[in-house]
Amino acid sequence: MIIRKWNRNIALSIAKSEGINLNISHWRIIFYIRFFYFKYKIIPNIRNLLNYLNNKFNKKYDGIYLFKLFPKGFNRQIIKITCLPENIQCF
């Protein structure tokens, strides 16, 4: 297990290696997931994330939206980019 501090540059580097060019929509999700994890010590599930997005931004987000942002699999890619416990522990 690799331990390193997470920052925007690390996220950009990981996203680039995943073929993702991060935009404001990605960052909203990344920051929410990191906030949720450090507050509750768990990664929010997709339903929780979609509820947050729908309520916060008054739009109708769904799984298709998440798949467009993270085409190789939302869970796998978001865990990598946010540097949360599955593969890499950041602090």
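**A walk through the rings and helices**

Let's start in helix α2, residues 24–40, where Tyr32 and Phe36 sit 4 residues apart, about one turn of the helix. Helices here are DSSP runs of H or I with at least four residues, strands are runs of E with at least two, and both are numbered from the N terminus. Keep in mind that this is a predicted model, in which local features need pLDDT of at least 70, side-chain atom pairs count only at pLDDT 80 or more, and totals for chains, interfaces and linings use all residues. Residues are numbered from 1 along each chain as its sequence is written, and side-chain values use heavy atoms, with hydrogens and water left out.

Searching the whole structure turns up 9 aromatic pairs. One of them is Tyr32 with Phe36, a tilted pair at 5.8 Å centre to centre with 50 degrees between the planes. To pair, rings of Phe, Tyr and Trp (its six-membered ring) need centres within 6.5 Å; planes under 30 degrees apart are stacked, over 60 edge-to-face, and the rest tilted. Tyr32 has 11% relative accessibility, so it counts as buried (buried is under 20% relative accessible area, exposed over 50%, partly exposed in between, with a 1.4 Å probe and protein chains only). Phe36 is buried too, at 11%. Ring pairs also tie Tyr32 and Phe36 into a cluster with Tyr40, Tyr52 and Phe57.

Now see how α2 meets helix α5 (residues 74–82): they pack at about 75 degrees, with axes 10 Å apart. Axes are lines fitted to C-alpha atoms, for helices over the stretch in contact, and angles run from 0 to 180 degrees between N-to-C directions. That makes α2 and α5 roughly perpendicular (65 to 115 degrees; under 35 is roughly parallel, over 145 roughly antiparallel, the rest oblique). Ile29, Ile30, Ile33 and Arg34 of α2 touch Phe74, Ile78, Ile81 and Thr82 of α5, contact meaning heavy atoms within 4.5 Å.

Finally, two loops. Most residues other than glycine have a negative phi. Asn58, between α3 (46–57) and α4 (63–69), has a positive phi near 50 degrees and is exposed at 70%. Cys83, between α5 and β2 (88–90), has a positive phi near 60 degrees, but is buried at 0%.
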